[in-house]
Amino acid sequence: MKKAVITVTGKDAVGIIARVSAECSECQANIIDITQSVMSEYFAMIMLVELDRLNIKFADFADRLEAIGRERGLVISAVHEDIFNTMHHI
């Protein structure tokens, strides 16, 4: 199973989870796990998604999420599990 980690940070607003989840659904990225927190007026979320049925290239999926972030004043990044694991390997 291929996976990716999606992070979202920025000022809290209505609909952040819904918008990111909708994009995942449209691209057939299955959400496996999600955690989110609001600290004062700041929002932080980490999602783990399965990529096996992704209907576009991963790079395009990551770009689409980043574009949503720019539109909403958020920082959204998607990192493939292979890169994530390499970055965090001691």
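User: How many bridges pair strand 1 with strand 3?

Analyst: This is a predicted model. Strand 1 and strand 3 run in the antiparallel sense. Within this pairing, Gly10 stands opposite Phe43 in strand 3. The count of bridges between strand 1 and strand 3 is nine.

User: Which residue in strand 4 is the bridge partner of Val5?

Analyst: Strand 1 covers residues 3-11. Strand 1 also pairs with strand 4, antiparallel, over seven bridges. In strand 4, the partner of Val5 is Val79.

User: And what is the bridge partner of Asn30 in strand 3?

Analyst: Strand 2 spans 30-39 and strand 3 spans 42-50. Nine bridges join these two antiparallel strands. The partner of Asn30 in strand 3 is Glu50.

User: What is the strand order of the sheet?

Analyst: The sheet is open and has four strands with antiparallel pairing. Its edges are strand 2 and strand 4, each pairing on one side only. From one strand to the next, the twist averages 10°. The order is 2-3-1-4.

User: At what angle does helix 2 run to strand 4?

Analyst: Helix 1, residues 16-26, lies across strands 1, 2, 3 and 4, at about 20° to strand 3. Helix 2 lies across strand 1 and strand 4. Its angle to strand 4 is about 165°.

User: In what order do the elements run from the N terminus?

Analyst: The protein chain has three helices and four strands. Of its contacts with a separation of 6 or more, 69% join residues 24 or more positions apart. From the N terminus on, the order is β-α-β-β-α-β-α.

User: Why does the protein chain count as compact as a globular protein of its length?

Analyst: The C-alpha atoms fill a box of roughly 35 × 35 × 20 Å along the principal axes. For 90 residues, the globule rule gives 12 Å. The chain's radius of gyration is close to that, so it is as compact as a globular protein of that length. The radius of gyration is 13 Å.

User: Which kind of aromatic pair do Phe58 and Phe61 form: stacked, edge-to-face or tilted?

Analyst: A search of the whole structure finds one aromatic pair. The ring centres of Phe58 and Phe61 are 6.3 Å apart, with the planes at 55°. Planes under 30 degrees apart would be stacked and over 60 edge-to-face. The angle lies between those limits, so the pair is tilted.

User: Where does Glu41 lie, and with which side chain does its own side chain make a polar contact?

Analyst: Glu41 lies in the loop between strand 2 and strand 3. Leaving aside residues up to four places away in sequence, Glu41 touches Gly10, Lys11 and Asp12. The polar contact, at 3.2 Å, is with the side chain of Tyr42.

Methods: Residues are numbered from 1 along each chain as its sequence is written. This is a predicted model: local features need pLDDT of at least 70, side-chain atom pairs count only at pLDDT 80 or more; totals for chains, interfaces and linings use all residues. Side-chain values use heavy atoms; hydrogens and water are left out. Rings of Phe, Tyr and Trp (its six-membered ring) pair if their centres lie within 6.5 Å; planes under 30 degrees apart count as stacked, over 60 as edge-to-face and the rest as tilted. Contact means heavy atoms within 4.5 Å. A polar contact is a pair of N or O atoms within 3.5 Å; within protein, one must be able to donate a hydrogen and the other to accept it, and residues adjacent in sequence count only if both atoms are side-chain atoms. Two strands pair if DSSP finds at least two bridges between them. Axes are lines fitted to C-alpha atoms, for helices over the stretch in contact, and angles run from 0 to 180 degrees between N-to-C directions. The radius of gyration is taken over C-alpha atoms; the globule rule is 2.2 Å times the number of residues to the power 0.38.
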